[in-house]
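Okay, thanks for coming, everyone. Let me put the model up on the screen, and then we'll walk through a few spots together.

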Amino acid sequence: MSDSSPLPPVRLHPEAELARDALSTPLLSRAARLARWAGPDTRVDAGGGLVEEQLPAAAEVLGLTGDEAAAYASEAWRVAVDAGLVEIVDEEEGTVAAGEDLALLTSGSPHDVLAVWQAALETVLADAGVPDLDDLVDAMGDGGAIDLSQLDWDPEAEAEFLDGVLGNLYLLTVGEEGPGEAPVPLPALAASMIVPSDMGEPTNDVLEQVSDAMMRLDDQFRMLEPAGLVEYQPVDEALMADAEEEPSAPVDETDVARYGMVRLTPLGLYGLRARLLEAGFTAPAVGELADKGADALLDGTAVFPPGAAQAETEQWLTRRQALPAARELLAAARGSDAGAPLRRLRCQQALSLVGDEAEPALREVLDDPELGGLARVWLTERGAAEVPAPSEAMVYWLTIDTVAAQLAAEGNSEELRALVSGLAEQHSGFFAAVWRVEHPATAEVLEAMGRLHPDKRIAKEARKAAFKARSQA
């Protein structure tokens, strides 16, 4: 995933709702309970962890029982320390006190609560990349140091792998072509990190790597679910049974859900976006442009998928009256720079969401060479009276502008191919006239039409017209 191009915009839940979700996660609620439980008699070791004799009492406070109760209590304490809910007062004495951030959970803003949760999340993400405890014990030398070479474990590579997986899950969730809020099969997520995009049929070696990655991710997502980052359906234990053992029940190997299913929660989307922003990615969120000017809206939504662009525009319009909003949009749509055609397309789409009270703004630009065409389209679609017919020059200019915008928005899409085919069929002598249009993108549009049109004869006409346009320019 490159940090040079913007990611698809995400639709986030309100921070107040996300803060309530964060407070109810086992990760943060356990850490907060231990922070409030700690007192003058609480003691920690040199690493800041609870001393062993206090773990049973901590587990009891959390309502934990069973063989792993002490381990879960120890983890919750470490999260409390790392998130600033507990402060080590004296390292030599091992005494503690409530941390400054503990009060934020009850008296801070939703944003404050989410910042504390984010700090707690980082602890769990770091833990998720650490090998199993049994492996660590096996790799421990005589002096108590861990021999990483015995583990076949590279901490940086492990962290990078998990970040990549979470990044892909984020893209699948926010992208309009992805599953959205539906869960993602674990095999598909593992394959997205292992299988090269240009590989046809994966080799046995690659499939084995995918299988190994799935098992790693199964362990990691089990750890991340209590943090509120994901909802996870683990890999069916029957699928991991020894080949020589008979499964206790018939196994349907075609049921993809049995291989693990994961989805980001609304809180998880918020958390991953924050991490992506911190890492230098451009990760927009729908609603960020609502209080900005029309120029920022049109430029910002230029790279948005259609659904997100409409959602952003709707939020922008709800804060404004229709007539002044229309005037502001039209003013921002002017220009002869490379991004202007797409701005005008976004302007046209925004104006389609505005009521009839915006009509005076559209009539004011009927004689504008850049906006007169789209104004006539808007008025005609609304059934307005006395809409003057456009000149032939205006029709051709609007045609070039529309195709240029579609090229910028979608590239060589099927929709654009259909538009190109229709234009040449509807207008006789189209290419003989259109190359004279004084639009900065005329030659580029004609070259694209020559590239996209399925009829070789018409494609050749388009290329000739593009040559004439370049010569004229």
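So, α19 and α22 are roughly perpendicular to each other, because their axes cross at roughly 70 degrees and angles from 65 to 115 count as perpendicular. Keep in mind that this is a predicted model. To find the two helices, look at residues 392-410 for α19 and residues 442-452 for α22. Their axes come within 9 Å, and the crossing is left-handed.

Who's touching whom there? On the α19 side you've got Ile400, Val403, Ala404 and Leu407, and they meet Thr442, Val445, Ala448 and Arg451 of α22. If you sort the residues of that contact by type, you get 6 nonpolar, 1 polar and 1 charged. As for the spacing in those lists, an α-helix has 3.6 residues a turn, so residues three or four places apart point the same way.

Now another helix pair, α16 and α18. α16 is residues 340-351 and α18 is residues 372-381. How are these two arranged, roughly parallel or roughly perpendicular? They pack at an angle of about 20 degrees, and anything under 35 counts as parallel, so α16 and α18 are roughly parallel to each other. Their axes sit 11 Å apart, and α16 passes α18 in a right-handed crossing. In the contact, Arg344, Gln348 and Leu351 from α16 meet Leu374, Val377 and Trp378 from α18. That contact splits into 4 nonpolar residues, 1 polar and 1 charged.

Next up is α11, residues 204-224. At 1.5 Å a residue, a helix of 21 residues should span 30 Å, and the end C-alpha atoms of α11 are 30 Å apart, so the two agree. Which residues of α11 are buried? Val206, Val210, Ala213, Met214, Leu217, Asp218, Gln220, Phe221 and Leu224. Notice that Asp218 and Gln220 are on that list too.

Last stop, a single residue. Thr95 lies in strand β2, which covers residues 95-98. Is Thr95 buried or exposed? Its relative accessibility is 18%, and the cut-off for buried is under 20%, so Thr95 counts as buried. Leaving aside neighbours within four places in sequence, Thr95 is in contact with Thr42 and Arg43, and also with Glu87, Ile88, Val89 and Asp90.

Okay, that's my tour.

Technical notes:
Residues are numbered from 1 along each chain as its sequence is written. This is a predicted model: local features need pLDDT of at least 70, side-chain atom pairs count only at pLDDT 80 or more; totals for chains, interfaces and linings use all residues. Side-chain values use heavy atoms; hydrogens and water are left out. Helices (H or I, at least four residues) and strands (E, at least two) are DSSP runs, numbered from the N terminus. The expected span of a helix is 1.5 Å times one less than its number of residues. Buried means under 20% relative accessible area, exposed over 50%, partly exposed in between (1.4 Å probe, protein chains only). Contact means heavy atoms within 4.5 Å. Axes are lines fitted to C-alpha atoms, for helices over the stretch in contact, and angles run from 0 to 180 degrees between N-to-C directions. Angles under 35 degrees count as roughly parallel, over 145 as roughly antiparallel, 65 to 115 as roughly perpendicular and the rest as oblique. A crossing is left-handed if the near helix is turned anticlockwise from the far one by less than a right angle, and right-handed if clockwise. Ala, Val, Leu, Ile, Met, Phe, Trp, Tyr, Cys and Pro count as nonpolar, Asp, Glu, Lys and Arg as charged, and the others, Gly among them, as polar.
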